[in-house]
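My plan is to look up a few spots and jot down what I find.

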Amino acid sequence: MTENTLNNKVALITGSSRGIGRAIALELAQQGADIVVHYLRKTSAAEEVVAAIEAIGQRAVAIKANLAEANKIEALFDEVESTFGRCDIFVGNAASGTPKDIMDVSDKHWDWTMDINARSILRCVQRSVPLMEKEGWGRIINISSPGSTKVLPHYAVIGLSKAVVEAMTRYLAVDLAPKSIIVNAISPGMVNTDAVTAFPVDLQTVIKQTTERTPTRRLVTPEDVARVAAFLCSDAASMVVGQIITIDGGYGLLA
Ligand SMILES: NC(=O)c1ccc[n+]([C@@H]2O[C@H](COP(=O)([O-])OP(=O)(O)OC[C@H]3O[C@@H](n4cnc5c(N)ncnc54)[C@H](OP(=O)(O)O)[C@@H]3O)[C@@H](O)[C@H]2O)c1
């Protein structure tokens with residue numbers, strides 16, 4: 001892909017203060033987009049990402065919003081509109097959830113995880129699409145995970161929420177493609193971010209086992225995901241519609 005293919009575009013990446021979202025924000029800025037760095041708790045981390053984007057030469061703003069609350073999503077988009085007047089790319093990346101096995105999932109765990117990981121994406125898309133329609137161009141990328149189709153330890157309610165994200169991606173893709181708004185999802189394998197430290201496992205052992213089992217013999221990095229996100233935003237990918245793109249170094253191919 002040539003550099004600066006996203007000149008004059010504005011991208012909102014939820015949960016871009018750290019981890020995979022941060023890498024996507026920096027990569028889309030490298031491609032010429034101005035960036036909304038959305039976050040919840042870590043203001044200093046979000047401000048660091050804004051500074052890194054400004055150093056690249058793009059505009060960026062950090063906006064705090066709890067995606068569990070509908071009125072906070074409304075306020076987030078009000079601020080995006082007043083700051084940039086547009087939102088051409090939406091990346092539904094932020095996620096939360098309590099590590100639980102399926103029989104231990106309570107109503108509270110269900111509501112919390114589904115609201116943040118799945119319902120917030122629909123709410124954000126419903127605010128993004130009118131802005132994309134105005135420009136006659138849009139890209140929506142949702143971040144899923146292998147737990148949508150595989151049974152992973154302590155991952156039950158998060159896996160369920162990711163199954164919703166993948167089904168929603170297909171429904172949105174068919175609905176929005178006639179408007180030149182292209183929707184896809186990315187499903188990364190294990191990425192060593194803060195998120196994986198939340199699980200009650202021996203992390204170093206899991207990293208070693210995952211690395212050894214992966215055909216490419218390394219873990220997926222946030223930058224691996226970010227480069228594919230940038231490709232999905234490019235015109236070269238405009239006929240890739242409603243797909244769940246796996247980035248796992250071949251891990252999921254093995255029996
Ligand atoms: N890491 C992996 O192995 C892996 C594998 C497959 C898929 N994924 C998916 O990739 C995405 C990013 O994961 P990650 O590992 O980069 O996560 P991470 O490092 O834990 O970052 C999570 C981000 O989401 C934000 N966030 C969390 N809860 C929020 C809420 N209620 N409202 C608003 N923002 C919220 C956080 O903001 P603060 O910084 O302010 O807290 C942070 O920016 C997620 O969808 C995850 O399911 C990850």
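**Entry 1: the model.** First a reminder to myself that this is a predicted model.

**Entry 2: who sits around the ligand?** I looked up which of the 30 residues around the ligand come nearest. They are Ser17, Arg18, Arg41, Asn93 and Thr193. I then sorted the shell by class and got 14 nonpolar, 11 polar and five charged residues.

Entry 3: I went through some distances to oxygen atoms of the ligand. For threonine 193, a polar side-chain atom lies 2.4 Å from one such oxygen. For arginine 18, an N or O atom of the side chain is 2.5 Å from a ligand oxygen.

**Entry 4: how covered is the ligand?** On its own, the ligand would expose 910 Å², and the protein buries 94% of that. I also checked which elements give two or more residues to the shell, and noted helix 1 (19-30) and strand 2 (34-39).

**Entry 5: arginine 18 again.** I went back to arginine 18 to see where it sits, and found it in the loop between strand 1 (10-13) and helix 1. Is arginine 18 buried, exposed or partly exposed? I put it down as partly exposed, because its relative accessible area is 30%, which falls between the 20% and 50% cut-offs. Then I compared positions: arginine 18 and threonine 193 are 175 residues apart in sequence, yet their C-alpha atoms are 8.2 Å apart in space.

**Entry 6: a nonpolar patch.** Next I turned to the surface. Ile102, Met103, Trp110 and Leu160 form a nonpolar patch there, with about 450 Å² of accessible area together. I call isoleucine 102 exposed because its relative accessible area is 51%, and the cut-off for exposed is over 50%.

**Entry 7: aspartate 175.** My last stop was aspartate 175, which I found in helix 5 (residues 156-176). Buried or exposed, I wondered about aspartate 175? It is exposed, with a relative accessible area of 54%. I also took a C-alpha distance from aspartate 175 to asparagine 7: the two are 168 residues apart along the chain and separated by 26 Å.

Methods. Residues numbered from 1 in each chain as written. Predicted model: local features only at pLDDT ≥ 70, side-chain atom pairs only at ≥ 80, totals over all residues. Heavy atoms only, no water. Patch = residues over 30% accessible without salt bridge, like charges linked within 9 Å, V, L, I, M, F, W, Y side chains within 5 Å. Areas by Shrake-Rupley, 256 points an atom, 1.4 Å probe, with all protein chains shown as cover. Salt bridge = Lys/Arg side-chain N within 4 Å of Asp/Glu carboxyl O. Buried < 20%, exposed > 50% of the residue type's maximum accessible area, 1.4 Å probe, protein only. Near = heavy atom within 4 Å. Polar contact = N/O pair within 3.5 Å; in protein donor to acceptor, adjacent residues only side chain to side chain. Helix = DSSP H or I, 4+ residues; strand = E, 2+ residues; numbered from the N terminus. Nonpolar A, V, L, I, M, F, W, Y, C, P; charged D, E, K, R; others polar.
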